[in-house]
Amino acid sequence: MKSYMVKRYSSIEAYVPGEQPRDLDYVKLNTNESPFPPSPKAAEILGGGEAENLKLYPDPEGKDLRDAIAKRFDVKRENVLLGNGSDEILAFAFFAFCAGEKCVFPDISYGFYKVFAELVGAEYKEIPLGSDFKINVADYENAGATVVIANPNAPTGLALTADEVERIVKTNPDNIVVIDEAYVDFGAESAVPLTKKYDNLVVVQTYSKSRSLAGARLGFAIASSGVIDDMNKIKYSLNPYNINRLTLKIGKASIEDEAYFLMTTSKIVENRIYTTEELRRRGFYVLDSKTNFVFARSAAVPGEKLYLELKRRGVLVRHFSADRIKDFVRITIGTREQTDVLLAKTDEILKEANNG
């Protein structure tokens, strides 16, 4: 069939989301969703009369939600930008700061960075992680380009300290530094306080992980007002009504329910420790995660085989084919019950491998 796509985009390799199968009742540990429901206060919005107002456009500025986020992070409304998931925020950033320009990011990280870079025609460089899978801060000092870093990184789960992030921001005064904090709430240090000190820093967060709202599609950026204005130019040129009315409401209710947020994130951290210890007891090499997932490798079973065998037994994890990480699987932290199913199925696979 003839393709009508313009040549500039025809060779782009699109981002591949994690599997969302419907053919089996899986224990789903592959896309880093929360195992817990959203805040009860957010759920109340869905059960109320707000559906009647869906006939009306949402507030394109999202003032009430931005005010709630600003209060939570001790910034001002003009320092907050809303996105349809943090992916849209990242897209705004790449269009605003990377289009036709230079940008750098790690070679093993969130796969969307490369896709966005190619989409906006950026001259990009993927900087290799160290042999320990850590980001070398010195590689990003005086980069002469927009810097994009996931902190904690994915799929490794390793995190930079706030001081290390500041070194990168401080040594790139003429370029934007984007810190993607999708997983920061599970034990890493946030760079949000640094946005008050540095005009070139953009911190991106999401409701998809720690606030149990992956299906609502909500993310936000915190930065200096001038940088937010620049990103708003992209937003209003692409999708001014980007957050629907219900998501604006449940986003506000969720960010204001701090007690529920702390309870669920602490449970996930507790179960991450349990999962890590149990996998290591079974001989796995597991990186020291600061996220809601672990990145693990078995000496007995190759990564792809482990992924396929777990899937055959009704447990979904994520496998990546890139050479340096092909022997690993990324495992979302679920409930204790889900973890015990994962471990039981893993024991079956390891037993077969040892008997083979």
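This is a predicted model: local features need pLDDT of at least 70, side-chain atom pairs count only at pLDDT 80 or more; totals for chains, interfaces and linings use all residues.

Author: Residues are numbered from 1 along each chain as its sequence is written, and side-chain values use heavy atoms, with hydrogens and water left out.

Reader: Why does Met5 count as exposed?

Author: Exposed means over 50% relative accessible area, buried under 20%, and partly exposed in between (1.4 Å probe, protein chains only). Met5 has 51% relative accessibility and therefore counts as exposed. Met5 is located in the segment before helix H1 (7–10); a helix here is a DSSP run of H or I with at least four residues, a strand a run of E with at least two, and both are numbered from the N terminus.

Reader: Which residues make the nonpolar surface patch?

Author: Met5, Val6 and Tyr9 make a nonpolar patch of about 280 Å². Nonpolar side chains (Val, Leu, Ile, Met, Phe, Trp, Tyr) are joined within 5 Å, and like charges within 9 Å.

Reader: Is Asn32 buried or exposed?

Author: Asn32 has 1% relative accessibility, so Asn32 counts as buried. Asn32 lies in the loop between strand E1 (27–28) and helix H2 (40–47), and has a positive phi of about 60° although it is not a glycine.

Reader: What makes Asn142 exposed?

Author: The relative accessible area of Asn142 is 60%, and therefore Asn142 is exposed. Its phi is also positive, near 50°, in a residue other than glycine. Asn142 belongs to the loop between strand E4 (123–127) and E5.

Reader: Which residues does a cis peptide bond join, with omega about 0°?

Author: That bond joins Asn151 and Pro152. Pro152 is placed in the loop between strand E5 (146–150) and helix H6 (162–170). Another cis peptide bond, with omega about 15°, joins Ala154 and Pro155, and Pro155 lies in the loop between E5 and H6.

Reader: Which element supplies the largest share of the lining of the largest pocket?

Author: H5 does, with four residues.

Conventions
Patches are made of residues with over 30% relative accessible area and no salt bridge: like charges are joined within 9 Å, nonpolar side chains (Val, Leu, Ile, Met, Phe, Trp, Tyr) within 5 Å. Accessible areas come from the Shrake-Rupley method with a 1.4 Å probe; for residues, only the protein chains shown count as cover. A salt bridge is a side-chain nitrogen of Lys or Arg within 4 Å of a carboxyl oxygen of Asp or Glu.
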